[in-house]
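Okay, thanks for coming, everyone.

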Amino acid sequence: MQGKTGTTKIDWVKQAIASLSRPERWIFSLLAALGANVTIGAEAIAKIVDLPDATAPLATLLRRNLVEGDGDRFQMASSLAKDVQPHLDVSIWMEKATQFFTSWTQQQQNLPDLPNLILQESDAIMRSLEWLAETGQGLKVVELGRTIEGAFALKGLWGRWEQVLQWMLEAARSSEDQAIEAFELHQMGTRALCLHQLAIAEDYLSRALEIRKAISDRLGIEATKHNLNSPNLILNPPAPQPDRIAPKILSWLEGGLLILMFVTIIFYIYLPKPPLETPIVTTPATSSLPIIPTPTPPRSNLKYLFLDRNIAKVGDIVKGRVVLDAPASANGVSIQIESSDRILAGAVNPIQIKANQQEGSFEFVIPSSLQSEKEKTITITAIYGETKLQKTLIIAPLVTSTVTPAKISQLTLSQNPVTERQATELKILLDSPSNGGAVINLSTDNPSLIKLPPSVTIQAGKNMSDAIAIVIPPVRSVNDASESQKVTITAKYQGESSNIVLEIAPNVIQKAPPNLKSITFDLQTAKASQSVTGKVLLDAPASKDGIVVTLTSNNPYLTHGLENTVTIRGNEMEVPFSFSIPKDINNYPDAKIVVIAQYGKTEVKTDPPLQLLGRINPNTPATIRPDRFKINPRITDFIQPKITPSPIK
């Protein structure tokens, strides 16, 4: 629907919310999450939204007709609930509400006025329990349900008591906790006894007894057996009004159930499993209480109307459910379902709730004739007697031209730049919540440096993605490790892109450590007294501080002068080495020289080895060749004495 200015009601609601202060927006969101026709006190509102006082914000919301109030009780304006809820994250505020009511009821357990306090907030508490049940939080259903069911029993609110027990029973079965299931079945049977529904009571109590025997619950068995053996002990149900009870009967009921609660506390102390209720105790002959005649159960009234959705489109199946405040009478109950739209009028047959049942369901299909280019609002009404309950259903338009698609507003990184052993997370922010969910495509200009998922989905109703972990692979070699590396991350949605640059610091991406590649000689053969050179080669440049390579030989005598270590300077890949062959190599026939280089865990050898030549055969005696040996005349005097001839006698 559009106003004279062309602004839709949804646009108006968005503008109204945006203009609220933070406390006002919190309170408005809480009441919208609870839904229409659910009242809550100002004190509870303040504690749930964590405000010292909610008076001023509530006054502003009342003045602007955004909420409705009666004294210190407040609720969402019924005309706005259907427009606001689709644009809220209901789970946040329902979680806060359930946490508050669970803690609050537990803290008030010793107050004598607890049933009245719970009765005041029963609408909000029931809504909280319903939300817990719908979201599958069984343990929390049991935790909150245990604190309030006694109050509904004392006040004779039979319909609400049964609804709480049903939710707790479903939670017990889903969690497969037999002790809790038996407890809830016992309570359902006790409630049926109070209403003089003996057949139903016997069924529930018999099932409870069977489970308690199976798990050897001794005290529970005694409690259930006592009730099964006392079918004539009937506490008086309330007067025909569903949520009221005559003062005199109420006093008797409260007195009997106070005894019930006292014994229950004793069971709580001794049982490790969920607390047990006390059996209904038969009034002794000496009791001063009067004998209460068996009353006629009250006439049922409509209590709840539920739809499984508040927005539907053509072809959708809409399912509904109605709940009475008490089981139907022996003749059953017929509930009429009507629609404000003539096309749907008569599409749903009346709901027949059988005797002793408390709820019924219905469903209908949205026909194609309801399709239009504008949003259409239909009211579904459940009628029983003079009671009418209504729920609003919105038929989505054919083209939602009034809704502007969300766009990417910003990309953020939790850490930028990143360094070694650090991680970073990417988040994508939209300029408005996504209506049907948004799939954002991701890419990078350097996939070798970072790893990203191909896409991420932002859930409907949210405007921010979950954190996306940025994975940096192990360090690798780059041309210059002294400079940072920059990677561009791109997010695309609805044909538009948004970028952010991630900087990776030098100590994340650095040169890979080099390894020895080879060691070679510059000769293949060598002779005695000859100098030999060679070189050690790396597979990558050495770091700026250089590396030290260890050299060894297979025959240290033949590699005279070989250094134990050589240093390859920074950014270089090779280094020379040298040694000399000794003069005397006669003792090393067929000698082959191998030099070994070692760096870290890497070792390389010269291949082929160096072959020695010109060696002398040690088995042949040495001779002097006269053509190559002459005596220097200047030294003959030293090697042969001069002889003077003696005279002849």
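**Starting inside the core**

Let's begin with I27: setting aside neighbours within four places in sequence, I27 is in contact with I45, V49, L51, A54, P57, L58 and L61. Contact here means heavy atoms within 4.5 Å.

Before I go on, some housekeeping. This is a predicted model, so local features need pLDDT of at least 70 and side-chain atom pairs count only at pLDDT 80 or more, while totals for chains, interfaces and linings use all residues. Residues are numbered from 1 along each chain as its sequence is written, and side-chain values use heavy atoms, with hydrogens and water left out.

Back to I27. In the largest nonpolar core, which has 78 residues, I27, I40, I45 and F101 touch the most other members. The biggest giver to this core is α10, with 9 residues. And apart from that core lies another one, of 27 residues, including V566, I568, I581 and L610. By nonpolar core I mean a set of buried Ala, Val, Leu, Ile, Met, Phe, Trp, Tyr and Cys residues joined through side-chain atoms within 4.5 Å. Buried is under 20% relative accessible area, exposed is over 50%, and partly exposed is in between, with a 1.4 Å probe and protein chains only.

Now, α10 itself. Helix α10 covers residues 158-174, and L169 is found there. Is L169 buried or exposed? L169 is buried, because its relative accessible area is 4%. Not counting residues up to four places away in sequence, L169 touches E181, E184 and L185. The C-alpha atoms of L169 and F183 are separated by 8.6 Å, and these two are 14 residues apart along the chain.

Next, a helix pair. Helix α2, residues 22-34, packs with helix α6, residues 90-107, at an angle of about 90 degrees, and their axes are 9 Å apart. So α2 is roughly perpendicular to α6, a label that takes in 65 to 115 degrees. On the α2 side we have W26, S29, L30, A33 and L34, and they meet V90, W93, M94 and A97 in α6. By class, that contact has 8 nonpolar residues, 1 polar and no charged ones.

Zooming out to finish: the protein chain has 15 helices and 28 strands, taken as DSSP runs, with helices (H or I) of at least four residues and strands (E) of at least two. Of its 649 residues, 41% are buried.

How values were computed. Axes fitted to C-alpha atoms, helices over the stretch in contact; angles between N-to-C directions. Parallel < 35°, antiparallel > 145°, perpendicular 65-115°, else oblique. Nonpolar A, V, L, I, M, F, W, Y, C, P; charged D, E, K, R; others polar.
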